[in-house]
Structures are given as structure tokens and as C-alpha cells.
Amino acid sequence: MEESSEIGLPEAFLVFLKENGVDPSIYTAAVSTPRFIRLKPGNGSEAQIQQLEAEFNLKLEKVSWLPNFYSLPPQIHIANSMAYKEGKIYGIDAASGAAVSALHVSEGDHVLDLCAAPGAKLCMMLDLIGNLGSVTGVDVARHRLAACRTMIQKYALGDRCRLFVADGTTFSLIPLMEHSDSKSGGEFASEGKVDIFKEWNSKRPWKERKNDKKAREGIDSRLVPGLQDPELIFYGRCSGVIGLSRNELYKIASDSELLKFGYDKVLVDAECTHDGSIRHIQKFDHWGWETLERRVLDAERTDSLTVLQLRLLSNGFRLLKVGGSLVYSTCSLTVAQNEDVVEKFLRKNASAGTSGGKGKEKEFNLTPIDEDEDLHKRRIHDKEDLN
């Protein structure tokens, strides 16, 4: 690919940016993209802020539109700090924080993160639900979801969380209510020890892991043909899993049940070309600009991604209960992966209008989070029809 001598970006990428109305200077500006951190609730007192500033030897810049978010110079390595080691702060991009913020997660909500890895958004959601509700994280990549598990355990946020390795386009499990101790100890005892979920233990015996695998394979036939059953790789004490049999956990809800018992909030932070991530694009200077054409500019890959994005959005919406909200977001600046995907979704869903006439169970509105944030994040409201 021919290099542009003016700003150092390949000519094909410049054409791509022009077609999508993106200013190329955002990738080559002299000012480096800052690093962002979020302070866990309860760690934002003035004294603790001063302690962090002393440790980093700088003044923390508060992000005014994102509570508990601060920006740091990119050269600061937070992993070396005591605050990070003690679980008081974690790194998360402001754009990811904006997507979670747009959901307006409240205490007691049952939240679904349909593309959960690598886990910072998951931690933020778990912080926001407090001591009620639940968060279900889904990702197709097991190793990436395992990183989520490590992260929520580090920050002691796992009590109300479930993590499933699964295809987000077909995932169909509804949130669970917390079970009482009496139910977990007595009512299901006759079903056998292996068939009942006990408290999570990462060091389970090999025989038990083997039986789990057989049980998952045995349930495959009840799900979409050709797809592997969701693999539960973590569940907290208050996630509603303990005391259930596998048949109960993996029970597929009907569409009518989803309207009543689905998720309050759903985040679909979909796989994309990542062209909107300045740090990601700048890495091609080391990876080789020739790889950018394959990863970002290839029309066939983009087409397959938009199909995936539409399927993720559609399934996420299907899993919402009446009265819930969904946020669809990407790290792309292209119209094809954002507005076009949402437009196709609205066309495919006959009830997806903004007026919500009589007889409809739901009505939908599409709004930007904040034009000033320059983020391609959109929120779809799903609310009960009051007509």
C-alpha cells in the first residue's frame, strides 16, 4: 500500500476515512491519547485522590461526564501502582465507560453483556448493580472470558455474576433470581450430587469437570442445531445458579417469557474493525500497514462483520424484557457498522417504530449518547406501551 507522505497514513486508508467523513488528523495529532482509569466506588475521597496523585507524581484529570473516571498520560503504567494491586482502580477506556453509562444501570437490574471480554465494562456494571440484581457476561472466546473471570475475582465483584462461553447471536438464557439455602440443600437433593450446582470452586476435581462436559454435550440437542451449548465458567454466590439443576439453568425461555423475565439492560459492544480506536490504528505502524488492508479495509470482512453485528443486536433485543434498554456500540467510525446496522435492525423489526401505536407490546427510540463526546454509541430504549 502506498504511504501518504503528508501525514504517514496509507493512501487507501485516507480514502476510507474520507468516505466515512473522518478527519485523518485524529490518528496523527501530536497530543497523545490519554489513558483512563476508574476508581471503584468508595475510593474517591479527597484523601485517596491525593494518595493516587502522590503515587503517580501528577495531577489526576477528572472526566467530567463520567463519574469516577480520571485520565492519565499514556506513559503511566497503572499495573505498578499500589492502588491497582489493591483493587482500588482499573483501566477502562472512556468510550467503554460511555457505553455502560448510557445503559443507566440501577441497583437491582439484571444486565446482559453480550460481548463481555476483556472485562472492564463488566466490572463497572457489577459496581452499579450494588447488592441486588445480576450481571451475565457472554463471549465466544473462552480465553478472553477467562480474563474476565480473573478480573472480577481480583476486584471482589463476582457474587452476582455469571460468565458463559457462548455465541452471542444465539444465547438464550434468561437471568436467574437468587435461591434460598433451603432450596439448594433439600428440594433438589434427589436429583443427584453431580446434577446440582454447588458453590463455585475453581479447583474442582477432574471427575466433576468431566461430568460437566458430558452434561453440556447432552443438552446440545435442545439448543440451535450445530452450535455448542453455553459453557458456564463462573458463577457467584448470589447469581441464582447455586441450587439449580443443569436442566433448570439451561432452560430456553419462550419469546413470551422473555417479555416478562428477560434482562432489564443489554449491552451489545459488538466486534468490529476497530478503526475508531486511535491506539489500535497507530499499532499498524509496528505491525506493518499492509496488514491494515486485510483487517480494516477488506470489503468481504466488513460485510461479514456487519452481518454478525446485526445478529448480535437482534438477539440482544430479543432477550430484553418489556421496559428494558439496550445499548449498541462499536469501536468503528464507519456508517456501515453503526447507523446502517441499526437501520437494518429497525427495518427487520416491524414493531420498532418511534411512536408505538395501540396493540404494540414495545416502542423504541434511537438517540445519540452525546454528540460532544464524538463517540459512535447509540442507545435503543425499549419500554412498555402505555397507549
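Asn-68 lies in the loop between strand 2 and strand 3. Helices (H or I, at least four residues) and strands (E, at least two) are DSSP runs, numbered from the N terminus. The model is predicted: local features need pLDDT of at least 70, side-chain atom pairs count only at pLDDT 80 or more, and totals for chains, interfaces and linings use all residues. Residues are numbered from 1 along each chain as its sequence is written, and side-chain values use heavy atoms, with hydrogens and water left out. Asn-68 is not a glycine, yet its phi is positive, at about 70 degrees. Most residues other than glycine have a negative phi. With a relative accessibility of 29%, Asn-68 counts as partly exposed; buried means under 20% relative accessible area, exposed over 50%, and partly exposed in between (1.4 Å probe, protein chains only).

Two strands pair if DSSP finds at least two bridges between them. Strand 2 and strand 3 (residues 69–72) run antiparallel and are joined by two bridges. Within this pair, Lys-62 stands opposite Tyr-70.

## Helix 4 and the residue after it

How many of the ten residues of helix 4 are buried? Eight of the ten are, and helix 4 (residues 94–103) is therefore described as mostly covered. The buried residues are Ala-94, Ser-96, Gly-97, Ala-98, Ala-99, Val-100, Ala-102 and Leu-103. His-104 follows helix 4 and has a positive phi, near 55 degrees.

Strand 5 pairs with strand 6 (residues 134–139), to which it runs parallel, over four bridges. Strand 5 also pairs in the parallel sense with strand 9 (residues 263–269), over three bridges. Asp-113 takes part in both pairings: its bridge partner in strand 6 is Gly-137, and in strand 9 Asp-113 stands opposite Leu-267.

Strand 5, helix 5 (residues 120–129) and strand 6 make a right-handed β-α-β unit. A crossover is right-handed if, with the strands pointing away from the viewer, the path from the first strand over the helix to the second runs clockwise. In the loop between strand 5 and helix 5 lies Pro-118. The peptide bond from Ala-117 to Pro-118 is cis, with omega near 10 degrees, whereas most peptide bonds are trans.

## Cysteines

A disulfide is a pair of cysteine sulfur atoms within 2.5 Å. By this rule the count is zero. Cys-148 is in no disulfide, as the nearest cysteine sulfur, that of Cys-123, is 8.0 Å away. Cys-148 is buried, with a relative accessible area of 0%. Cys-115 is also buried, at 13%.

## Other loop residues

Ala-156 is found in the loop between helix 6 (142–154) and strand 7 (161–165). Although Ala-156 is not a glycine, its phi is positive, about 55 degrees. Is Ala-156 buried or exposed? Ala-156 is exposed, with a relative accessible area of 69%.

Asp-229, in the loop between helix 8 (206–219) and strand 8 (231–235), counts as buried at 2% relative accessibility. Its C-alpha atom is separated by 10.0 Å from that of Thr-170, 59 residues apart along the chain. Thr-273, in the loop between strand 9 and helix 11 (278–282), counts as buried at 3% relative accessibility. Thr-273 and Val-296 are 23 residues apart in sequence and 5.2 Å apart in space, C-alpha to C-alpha.

## A helix pair

Helix 14 (residues 299–318) packs with helix 15 (residues 339–348) at an angle of about 50 degrees, and their axes are 10 Å apart. Axes are lines fitted to C-alpha atoms, for helices over the stretch in contact, and angles run from 0 to 180 degrees between N-to-C directions. Helix 14 and helix 15 are therefore oblique to each other; angles under 35 degrees count as roughly parallel, over 145 as roughly antiparallel, 65 to 115 as roughly perpendicular and the rest as oblique. The crossing of these helices is right-handed. A crossing is left-handed if the near helix is turned anticlockwise from the far one by less than a right angle, and right-handed if clockwise.
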